[in-house]
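Please read them with the coordinates open.

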Amino acid sequence: MPITINLDKVLADREMRSKELAEIVGITEANLSILKSGKAKAVRFSTLEAICKALDCQPGDILEYAIKDT
């Protein structure tokens with residue numbers, strides 16, 4: 001999939017652990033792990049908004065679209 005999730009990088013930049021972010025956002029650590037791994041099929045805008053608010057970032061800091069040559 002050409003969408004890359006950079007959540008681990010943003011978490012590291014903010015010196016925040018996944019467990020802490022999950023608690024702030026109000027989702028389970030398992031669901032956050034699915035999102036971080038890129039296995040999520042969708043993300044709610046409310047969840048994305050809560051993540052961006054907690055990490056003081058923009059959606060583009062977390063989600064990246066890259067076209068791969070085939």
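1. At what angle do the axes of helix 2 and helix 4 cross, and within what distance do they come? The model is a predicted one. In it, the axes of helix 2 (residues 18-25) and helix 4 (residues 45-55) cross at roughly 120 degrees and come within 9 Å. Angles of 65 to 115 degrees would count as roughly perpendicular; helix 2 and helix 4 are therefore classed as oblique to each other. Their crossing is right-handed.

2. Helix 2 also packs against helix 3, with an angle of about 110 degrees and axes 9 Å apart. That makes helix 2 roughly perpendicular to helix 3. The crossing of helix 2 and helix 3 is right-handed. Helix 2 thus has a described packing with helix 4 and with helix 3, and the two angles carry separate labels: oblique for the pair with helix 4, roughly perpendicular for the pair with helix 3.

3. How many salt bridges are there? The count comes to two. One of them joins the side chains of Lys36 and Asp8, at 3.0 Å from N to O. Lys36 lies in helix 3 (residues 29-37) and Asp8 in helix 1, so this pair ties together parts that are 28 residues apart in sequence. Lys36 is partly exposed, at 22% relative accessibility. Asp8 is partly exposed too, with a relative accessible area of 45%.

4. In the salt bridge between Asp13 and Lys9, the closest N and O atoms are 3.1 Å apart. Asp13 and Lys9 are four residues apart in helix 1, so about one helical turn separates them. Asp13 is partly exposed at 47% relative accessibility, whereas Lys9 counts as exposed at 54%. The cut-off between the two classes is 50%. As a general point, side chains of opposite charge can pair when their charged atoms come close.

5. Glu15 is not a glycine, yet has a positive phi of about 55 degrees. Most residues other than glycine have a negative phi. At 76% relative accessibility, Glu15 counts as exposed.

6. Asp56 sits in the loop between helix 4 and helix 5 (59-62). Is Asp56 buried or exposed? With a relative accessible area of 67%, Asp56 is exposed.

7. The surface has a nonpolar patch formed by Ile3, Tyr65 and Ile67. Together these residues have about 350 Å² of accessible area. Ile3 lies in strand 1 (residues 3-5). The relative accessible area of Ile3 is 38%, so Ile3 counts as partly exposed.

Notes. Residues numbered from 1 in each chain as written. Predicted model: local features only at pLDDT ≥ 70, side-chain atom pairs only at ≥ 80, totals over all residues. Heavy atoms only, no water. Patch = residues over 30% accessible without salt bridge, like charges linked within 9 Å, V, L, I, M, F, W, Y side chains within 5 Å. Areas by Shrake-Rupley, 256 points an atom, 1.4 Å probe, with all protein chains shown as cover. Salt bridge = Lys/Arg side-chain N within 4 Å of Asp/Glu carboxyl O. Buried < 20%, exposed > 50% of the residue type's maximum accessible area, 1.4 Å probe, protein only. Axes fitted to C-alpha atoms, helices over the stretch in contact; angles between N-to-C directions. Parallel < 35°, antiparallel > 145°, perpendicular 65-115°, else oblique. Left-handed = near helix turned anticlockwise from the far one by under 90°.
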